[in-house]
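Take a look at the model below. We will walk through it chain by chain.

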Amino acid sequence: MEPINWHTFFFLLFSLVACAFAVAVLISTNIVRMAFYLTLSLGATSGLFFLAGADFVGAMQLLIYVGGTLVLLIFGVMLTAQGPFISMKTAGGEWVLATIVGGALLALLLQTAFSVNDWHGPAAATPSHFGAREASSDPLTQPFTPATETASVRTASVTRGAKPAGEPSPWSEEAPRTATRLGMGLLGARVDLLEQHDDTLRHGMSGYLLPFEIVSVHLLVVLVGAAYLARAKRRARN
Amino acid sequence: MAEFLALYLPSWLAYLVAGLVHCALLLLIPFAGAMFFVWVERKVSARIQDRLGPTRVGGRFGWLQLLADGLKLINKEDVMPKDADALLFRMAPYVSFCASFTALLALPFSQGWVPQHMNVGVFFILAVLGLEVFGVILGGYSSASKWSLFGAMREAAQVVSYEVPLGLCVVVPVMIAGSMDLVTIASMQAGLFTNWFIFHDPFTFITFWVYFTCAVASVNRAPFDLAEAESELVAGFHTEYSGFRWLAFYMAEYGSMFAVSGLAAILFFGGWNGPLPVAELLRLTHDTGPVAGYLGNLLGLFNFVFKCVAGVTVMIWVRWTLPRLRIDQVLKTCLKYCTPLAAGAFLGAAVWTLYLPGGVGLRSRPYVEVLERAPQNARQPSTSAAPDRIAAKPQPILRAGGINPPE
Amino acid sequence: MNLLSQPVGLSHYLVVGAVLFVAGVACMATKRNALGVLLGIELVLNGANVNFVAFSSSWLRSDSQFAMGLEGHLVALFVIVLAAAEAAVALAITLNFYNNHATIDVDRADELQG
């Protein structure tokens with residue numbers, strides 16, 4: 001019996017939970033249950049992020065999306081879930097139309113997802129991280145490499161210090177460490193792309209400081225705007 | 001352990017059993033810990049109120065009182081209000097319990113003894129502790145009682161608003177250590193107790209007290225427990241819950257208290273490191289041998305659990321000493337006192353770290369030496385041998401014409 | 001068992017992203033409750049995030065030197081932040097609508113209708 005690939009097992013678990021509860025959000029008519037199902041779906045999505053190696057994004061999803069945005073939505077749901085508004089059904093005709101459009105879009109996306117051969121899975125010859133750009137022994141970038149042990153044919157020419165081929169599974173490596181790189185990237189230092197030899201591409205590596213500032217100001221504006229919109233108003237008529 | 005079991009069982013079963021064993025060990029904390037902490041609470045509250053507390057069941061000190069209570073709760077009739085939303089009513093306690101339990105996944109109990117060694121451990125714990133509020137909201141809503149809903153909404157507002165200063169306070173030790181990895185943060189405090197981050201600079205000292213206040217508010221304890229104490233007056237979110245469902249909420253609360261105490265222990269009090277480096281003096285480290293290393297880790301485990309229990313006991317002590325705050329006082333404390341204090345302490349600690357990276361000079365071991373022993377920080381052989389971050393001095397990261405690596 | 005022993009690739013993550021996205025779009029299109037529409041928006045943004053993170057992962061594809069790497073993570077981060085911001089504003093608008101019209105049914109929001 002072949003050994004279970006635990007990454008596949010957990011991927012199936014999380015993706016089935018996420019998709020099932022997303023469909024449950026669509027099908028359910030009770031607004032409170034919809035919000036609860038969405039919470040579970042987004043929690044499973046966070047698990048998917050962890051599985052794909054995005055530990056910081058996964059934790060951020062839990063903290064901000066599930067723990068912040070969804071709590072906000074649930075507050076809104078609680079404030080408006082009175083009597084007739086808890087369950088509102090949609091007309092049958094709209095469902096038919098939604099099914100046709102949604103089904104077509106889903107078919108298109110699925111067909112596109114499976115159309116590129118390279119996307120079907122990791123190759124037997126384990127890919128090395130970022131190919132031409134990652135070859136340093138910098139301790140900051142080293143641990144992020146899923147597999148430094150196999151010299152794949154495409155990248156052999158640029159991989160420095162390639163070790164002899166080892167275990168081909170990329171998940172035998174250590175846990176991903178993206179937090180420091182992300183933090184540095186947000187400050188403008190792209191420490192994940194230190195070995196970028198191509199000058200043209202190097203000019204574009206300015207980091208994400210400007211988007212970071214823009215988003216910060218954006219959040220401030222949203223805070224002020226939402227507070228203004230939600231202020232207690234005097235009633236025009238008693 | 002999984003590899004060991006795989007010699008006897010098919011490999012998938014071996015992994016499953018190993019996982020279940022580790023889960024069972026972790027589940028000891030909510031179950032047995034809740035029992036122990038409730039006993040501590042009843043005894044401490046009794047002494048504070050000049051009475052004795054449980055003295056009959058299990059001898060003079062009432063050890064088994066909690067076992068009797070637990071058995072009683074399990075045997076209770078399972079009632080549910082007629083208008084309650086059945087699915088949500090049943091799910092709510094377990095959502096809280098799962099959130100509280102998941103936070104224990106990232107807590108290191110000793111050198112290398114962490115259920116899941118995460119690079120973003122601190123972030124993960126903060127994120128998951130914030131999910132407990134869902135159980136509260138759903139429980140309050142699905143009880144089909146106006147008062148439960150009000151209590152739940154107030155408690156949710158309190159928990160959510162206290163996450164902000166809590167996050168700010170947690171960032172201070174992370175900034176001093178340079179890593180969100182809890183194992184690294186605690187390892188950097190090895191040695192004498194003067195290495196602990198709480199003594200690193202006055203701002204971190206202030207930060208600890210603000211963190212403790214926010215943590216107590218975040219788990220709805222002590223002076224901030226209007227949501228559950230209003231059950232004495234009107235109704236709280238768990239009014240309609242009885243028997244095992246109530247027990248699940250209660251275990252979630254004590255599990256969270258343990259988790260935030262553990263986080264405080266690791267961030268400010270050195271985690272598994274005792275006040276004196278006893279394990280090193282007795283040569284109980286991994287260098288000497290695997291058994292000695294295990295014993296040293298066990299000593300660290302006792303240290304850590306002692307600190308957690310001390311934290312929870314202080315929370316219990318404060319609960320029975322201070323009067324309860326009203327909801328407007330609670331929110332005022334958060335927005336007017338905790339958040340500015342936390343922000344000010346953060347700024348102060350940042351500036352202090354910039355110019356005096358070694359703290360007030362009480363360190364008995366320099367940073368570099370600690371980090372160079374980083375390979376011992378994890379039992380898994382796959383963790384990189386390279387340190388997370390070298391010197392505390394910040395390097396110029398951007399110079400004209402190129403990008404410098406940070407160290 | 002055969003299913004569980006094969007490695008999972010980028011395509012499978014894209015499928016999950018697609019399902020989340022389509023469920024969100026259908027939610028936005030069919031729900032009469034304004035908050036249901038908001039939940040659909042969150043689903044759509046999450047589907048996109050799953051795609052971004054999957055493309056940026058370097059161990060899900062065999063041509064991984066083309067993996068987006070940190071760009072994908074940073075974009076996902078910004079998407080999460082912006083989704084929180086727009087959820088706040090959308091909720092404020094919805095609550096205003098509820099306070100003024102005593103209903104949360106989007107079919108009743110037809111004052112500007114010709």
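How many helices and strands does chain B have? Chain B has 15 helices and two strands. Here helices (H or I, at least four residues) and strands (E, at least two) are DSSP runs, numbered from the N terminus.

This is a predicted model, where local features need pLDDT of at least 70, side-chain atom pairs count only at pLDDT 80 or more, and totals for chains, interfaces and linings use all residues. Residues are numbered from 1 along each chain as its sequence is written, while chains are lettered from A and ligands numbered from 1 in the order in which they are written.

Stay with chain B. It has 407 residues, and 47% of them count as buried (20 or more other C-beta atoms within 10 Å of the residue's own, with C-beta atoms placed from the backbone). Now take its contacts (C-beta atoms, placed from the backbone, within 7 Å). Of those with a separation of 6 or more, 77% join residues 24 or more positions apart.

Turn to chain A. Its mean pLDDT (the predictor's confidence in each residue, from 0 to 100) is 74. In chain A, 68% of the residues reach 70 or more. Among the elements of chain A, helix H2 (residues 31-51) has the highest mean pLDDT, 93. Helix H6 (residues 199-203) of chain A has the lowest, 66. Over residues 124-172 of chain A, the pLDDT is below 50.

Chain A also meets chain C. Here 83 residues of chain A are in contact with 72 residues of chain C. H3(A) gives the most to this side of chain A, with 14 residues.

Methods: Two residues are in contact if their C-beta atoms, placed from the backbone, lie within 7 Å. A residue is buried if 20 or more other C-beta atoms lie within 10 Å of its own, exposed if 12 or fewer, and partly exposed in between; C-beta atoms are placed from the backbone.
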